[in-house]
Amino acid sequence: MRSLLALALLSLTTALLTKRQAETSLHRLFVARGKQYLGTITDQRLLLSDVNAAVITANFGQLTNENSLKWESVEPERGVFNFDEPDFVVDFAQENNLPMRGHTLVWHSQMPGYVQNINDAGEWR
């Protein structure tokens, strides 16, 4: 019985969220006012939700990686690079004909641990 109730609540919530979407996208409204686009930030974890992906494709005309292109994400260990998450966002953007924009690579609170532990200026050369 509980699982049936949970399924009913999930269906109702999804239906309400879907009905909340405006008929005209925010991006189209911005473009109609002479702007180039209305963009948003996202990362793989957000795009894995069908509801989030639908809101993004319905309302935005450009994407920027939220945190997946920060230094701590792309080079978590010195010399070890991982572009899987940013590539996921780029693939999503390409599939939906959305342009991409860059974002801050170096951010004070999102530095890899090995960078924060460098005390010798010679290591930066």
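Visitor: What share of the chain's contacts with a separation of 6 or more comes from residues 24 or more positions apart?

Guide: The share is 62%. A contact means heavy atoms within 4.5 Å. Keep in mind that this is a predicted model.

Visitor: Which helices and strands does the chain have, and in what pattern?

Guide: There are 7 helices and 3 strands. Along the sequence they follow α-α-β-α-α-β-α-α-β-α.

Visitor: What makes strand 1 and strand 2 a pair?

Guide: Pairing takes at least two bridges between the strands. Strand 1 and strand 2 (residues 62-65) have 4 bridges, in the parallel sense. They therefore count as a pair. Thr 40 stands opposite Leu 63 in strand 2.

Visitor: What is the order of the strands in the sheet?

Guide: The order is 1-2-3, with parallel pairing, and the sheet is open.

Visitor: Why are strand 1 and strand 3 said to stand at the edges?

Guide: Strand 1 (39-42) and strand 3 (100-101) each have a single partner strand, so one side of each lacks a neighbour in the sheet.

Visitor: Which helix packs on the sheet, and which strands does the helix touch?

Guide: Helix 6 (residues 84-95) does, touching strand 1, strand 2 and strand 3. Its direction makes about 175° with that of strand 2.

Visitor: How much of the chain is called buried?

Guide: Buried means under 20% relative accessible area. Of the 125 residues, 26% are buried.

Methods. Residues are numbered from 1 along each chain as its sequence is written. This is a predicted model: local features need pLDDT of at least 70, side-chain atom pairs count only at pLDDT 80 or more; totals for chains, interfaces and linings use all residues. Side-chain values use heavy atoms; hydrogens and water are left out. Helices (H or I, at least four residues) and strands (E, at least two) are DSSP runs, numbered from the N terminus. Axes are lines fitted to C-alpha atoms, for helices over the stretch in contact, and angles run from 0 to 180 degrees between N-to-C directions. Buried means under 20% relative accessible area, exposed over 50%, partly exposed in between (1.4 Å probe, protein chains only).
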